[in-house]
Amino acid sequence: MGCGKQLPKHTEVLCFICDSKINITPFHLFDNNYVADKFIGRAKIEQACSLTLFSKRGLMQHLMHLLKYNGKKEIGIYLGKKYGKLLAAEHKYQQIDCIVPVPLHIKKFEKRGYNQSECFASGLAEVLQKPVLTNGLVRLNLKDSQTKKRRLERWKNVATDFDCMDEKALENKHILLVDDVLTTGATLDACANILNQIENTKVSIATICVVMK
């Protein structure tokens with residue numbers, strides 16, 4: 001799905017060459033990193049990391065477009081498993097109790113037929129052997145795409161968009177909150193702040209891509 005060529009035997013989704021073009025960040029190795037720094041003063045986060053960097057007109061933009069708009073759910077699962085293997089080797093991510101994907105509004109979910117963040121979560125879960133709680137959060141409002149909004153506009157757009165449907169299921173849990181692309185962090189801010197209100201929770205974050213600005 002990267003180059004459009006036929007896959008060799010014993011490979012899935014990406015050939016060896018395309019897979020090697022995914023430049024894995026070292027963010028999962030360090031508490032203080034570019035991703036974690038985005039949330040300082042905005043949300044209480046234990047750890048935060050992203051698999052790779054988002055590049056316009058590059059491989060990851062192509063893959064994210066296929067994942068979000070062309071029904072290629074297997075891309076999210078593949079990248080989740082890829083990142084899961086890295087996170088599983090780190091003690092701090094071994095302490096995760098459950099995985100919560102950023103939710104889509106029900107109308108957008110019905111139109112798309114799936115949640116791309118949930119695909120990523122399921123790949124992570126397969127490797128980390130942790131449950132995915134898809135009813136952990138709900139999106140209350142259907143709004144325009146965040147893509148072309150600036151940081152303050154994004155924050156205002158989602159600040160009150162989320163709620164928790166089942167606090168009991170999340171009490172006393174270290175939650176790995178996951179999304180596909182991290183830009184300003186406004187959506188993850190809003191979700192993390194909701195989760196942090198639940199009794200004795202901890203929140204860490206993992207995304208497929210981060211946009212460097």
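**Leu79 and its setting**

Modeller: Beyond its neighbours within four places in sequence, Leu79 is in contact with Ile22, Leu51, Met60, Met64, Phe120 and Ile208, where contact means heavy atoms within 4.5 Å. This is a predicted model, in which local features need pLDDT of at least 70 and side-chain atom pairs count only at pLDDT 80 or more, while totals for chains, interfaces and linings use all residues. Residues are numbered from 1 along each chain as its sequence is written, and side-chain values use heavy atoms, with hydrogens and water left out.

Leu79 belongs to the largest nonpolar core, which has 59 residues. Such a core is a set of buried Ala, Val, Leu, Ile, Met, Phe, Trp, Tyr and Cys residues joined through side-chain atoms within 4.5 Å. Together with Leu124, Leu170, Leu176 and Leu177, Leu79 touches the most other members. Buried means under 20% relative accessible area, exposed over 50%, and partly exposed in between (1.4 Å probe, protein chains only).

Among contacts with a separation of 6 or more, 77% join residues 24 or more positions apart. The radius of gyration, taken over C-alpha atoms, is compared with a globule rule of 2.2 Å times the number of residues to the power 0.38. For 213 residues a compact globule would have a value near 17 Å, and the protein, with 16 Å, agrees. Its C-alpha atoms fill a box of roughly 50 × 40 × 30 Å along the principal axes.

The protein has ten helices and six strands; these are DSSP runs numbered from the N terminus, helices (H or I) of at least four residues and strands (E) of at least two. His28 lies between helix H1 (16-20) and helix H2 (34-37), and counts as buried because its relative accessibility is 6%.

Most residues other than glycine have a negative phi. Asn172, however, has a phi near 65°; it sits in the loop between helix H9 (167-170) and strand S5 (174-182) and is partly exposed, at 47%. Asn200 also has a positive phi, about 55°, and lies in the loop between helix H10 (186-195) and strand S6 (202-210). At 53% relative accessibility, Asn200 counts as exposed.
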